[in-house]
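Please keep the sequence and the structure in view while reading.

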Amino acid sequence: APITVGELAEKLNRNASEIIKLLFMMGTMVTINSVLDDETVELICMEWNVECHKEIIIDESDFEEQINNEEEDEANLVERPPVVTIMGHVDHGKTTLLDTIRKTHVTEGEFGGITQHIGAYQVGVNGKKVTFLDTPGHEAFTAMRARGAQVTDIVIIVVAADDGVMPQTKEAVDHAKAAGVPVIVAVNKIDKPGANRDRVVSEMSELGLMPEEWGGDTIYVDVSAKFGDGVPDLLETILIVAEVENFRANPNKMATGTVIEAKLDKGRGPVTTLLVQNGTLHTGDALVVGTVFGRVRKMTDDRGRELKEALPSMPVEIIGLNDVPVAGDIFKAFDSEKKARNIAEERLNKKIAQERSSSSAMSLDDLARQIEEGEVQDVNVIIKADVQGSAEAVKASMEKIEVDGVRVNVIRSTAGAITESDIMLASASNAVIYGFNVRPSAMVRKKAEEEGIDIRLHNIIYKALEEMESAMKGMLAPVF
Ligand code: GDP
């Protein structure tokens with residue numbers, strides 16, 4: 001049934017302007033009253049990782065339901081460790097705090113292993129466990145939330161006592177509030193001569209985080225991330241909050257959870273950090289993440305130790321997926337690899353079909369408008385890189401290139417190898433493919449030749465930017 005932009009926004013619990021913006025980025029101009037066809041609706045849902053279409057509903061909602069224990073029998077639920085994210089202004093001590101916690105508590109009651117940075121780690125506190133997401137900064141947190149993933153149970157906001165509340169502190173408060181998760185304020189650098197904890201408390205209270213002694217319910221803990229003072233208190237506070245919130249999961253079912261990080265490793269292929277949020281993940285389990293699938297061939301913890309199973313709230317690094325998934329996407333384990341493959345393939349086919357139709361419509365539209373107005377010429381670009389961060393960096397830089405009358409339009413930028421789906425999209429939208437530290441396979445190369453797609457491979461970003469800029473200058477229509 002036809003649906004307007006406004007109606008869809010309401011259904012998805014989003015702002016209409018977000019849909020308008022998304023479609024604009026894809027080259028289609030709509031208003032709040034525009035009627036969207038089914039394909040466009042599906043595309044929007046895909047983009048945000050939410051379910052719209054019937055077949056997708058079955059899969060995706062099933063994934064989310066399982067994470068959230070919906071319709072779970074109380075008797076099956078057991079306590080699980082809290083998952084904590086540390087946020088705060090730059091230089092206020094997030095990294096130092098994460099390192100200190102890790103160093104001092106990682107060995108409690110456990111043996112060996114060498115610290116591996118997999119994007120998250122677990123420590124022991126008084127016989128319990130706490131999981132920390134090891135990606136300070138708000139981007140990771142917001143990016144995951146933007147994809148609909150709710151992975152954090154508790155947010156610690158670090159405020160340096162010698163500096164007070166700063167712009168990114170406010171941002172952190174906003175993010176935590178938007179996510180609706182409990183906040184603990186760590187008043188850091190308490191060892192410094194200029195430290196003023198009262199100022200931090202009063203400034204944070206102005207942002208709505210009142211301490212208990214002032215009638216609020218926010219817990220403040222004074223710490224020195226550098227020297228370790230107060231860190232045990234902070235960890236105990238986390239346990240107290242966790243007990244109140246009663247975080248639970250059912251370990252006796254197939255695992256569901258979220259992708260924390262993913263990259264392409266030259267030797268090992270796609271390497272993915274998963275946070276198991278519900279159920280138990282076993283080696284050998286089949287997995288689906290977005291359009292990616294595979295089998296857990298090898299699973300290691302944050303100390304590089306091989307595991308056979310991972311319980312709820314546990315971060316693990318796995319290999320065995322057929323491509324690099326997107327951070328923030330939900331995964332689900334299946335006992336049958338065939339089923340996993342079918343779901344992933346069905347999703348992939350749908351995605352390709354959608355991208356194809358929407359992008360060809362887009363380029364036709366663009367073409368028409370360009371001819372009519374003789375104004376903007378878009379250079380459509382697909383960016384693939386070994387890590388998501390580089391893909392985003394290249395995208396941002398490319399979009400900043402300024403050449404009169406010509407604009408770069410990045411239609412896809414993701415981590416992972418250049419695949420056939422990229423070639424199809426490029427072909428349908430007349431795009432150039434840029435690869436950073438990735439190479440297309442012989443098969444993909446052949447396909448690109450058949451479709452007349454230009455694949456440019458680079459290792460250095462500025463070289464690619466230079467090349468793009470001169471191409472854009474060359475493209476300028478002659479002025480008479
Ligand atoms: P981030 O940007 O929030 O991750 O901050 P960092 O952890 O990188 O810390 C910024 C600087 O503050 C570094 O030079 C740290 O050594 C220093 N620092 C962090 N915590 C403390 C602390 O508790 N006391 C003191 N004196 N310095 C600290």
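Helices (H or I, at least four residues) and strands (E, at least two) are DSSP runs, numbered from the N terminus. Counted in this way, the protein has 14 helices and 22 strands. The model is a predicted one, in which local features need pLDDT of at least 70 and side-chain atom pairs count only at pLDDT 80 or more, while totals for chains, interfaces and linings use all residues. Residues are numbered from 1 along each chain as its sequence is written, and side-chain values use heavy atoms, with hydrogens and water left out.

**Confidence**

The predictor's confidence in each residue is called pLDDT and runs from 0 to 100. The protein averages a pLDDT of 83, and 84% of the residues score at least 70.

| Stretch | pLDDT | Contacts in the model |
|---|---|---|
| Residues 53–59 | below 50 | 14 contacts |
| Residues 358–372 | below 50 | 21 contacts |

For the model, the scores are ipTM 0.99 and pTM 0.67.

**The interior**

A residue is buried under 20% relative accessible area, exposed over 50%, and partly exposed in between (1.4 Å probe, protein chains only). Of the protein's 480 residues, 50% count as buried. Among contacts between residues at least 6 apart in sequence, 73% join residues at least 24 apart.

A nonpolar core is a set of buried Ala, Val, Leu, Ile, Met, Phe, Trp, Tyr and Cys residues joined through side-chain atoms within 4.5 Å. The largest such core has 26 residues, and I101, F132, I156 and I238 are those with the most contacts inside it. Elements that give two or more residues to this core include α5 (94–105), β6 (128–133) and α9 (231–245), and it is α9 that gives the most, with seven residues. Leaving out residues up to four places away in sequence, I238 touches P82, V84, V130, F132, I154, I156 and I184. Apart from this core lies another, of 21 residues, among them M299, A310, V316 and L321.

**The surface**

Accessible areas come from the Shrake-Rupley method with a 1.4 Å probe, and for residues only the protein chains shown count as cover. The protein exposes about 22600 Å², of which carbon and sulfur atoms supply 51%. M29 lies in the loop between α2 (16–25) and β2 (35–36), and M29 counts as exposed because its relative accessibility is 62%.

Note on methods. Contact = heavy atoms within 4.5 Å.
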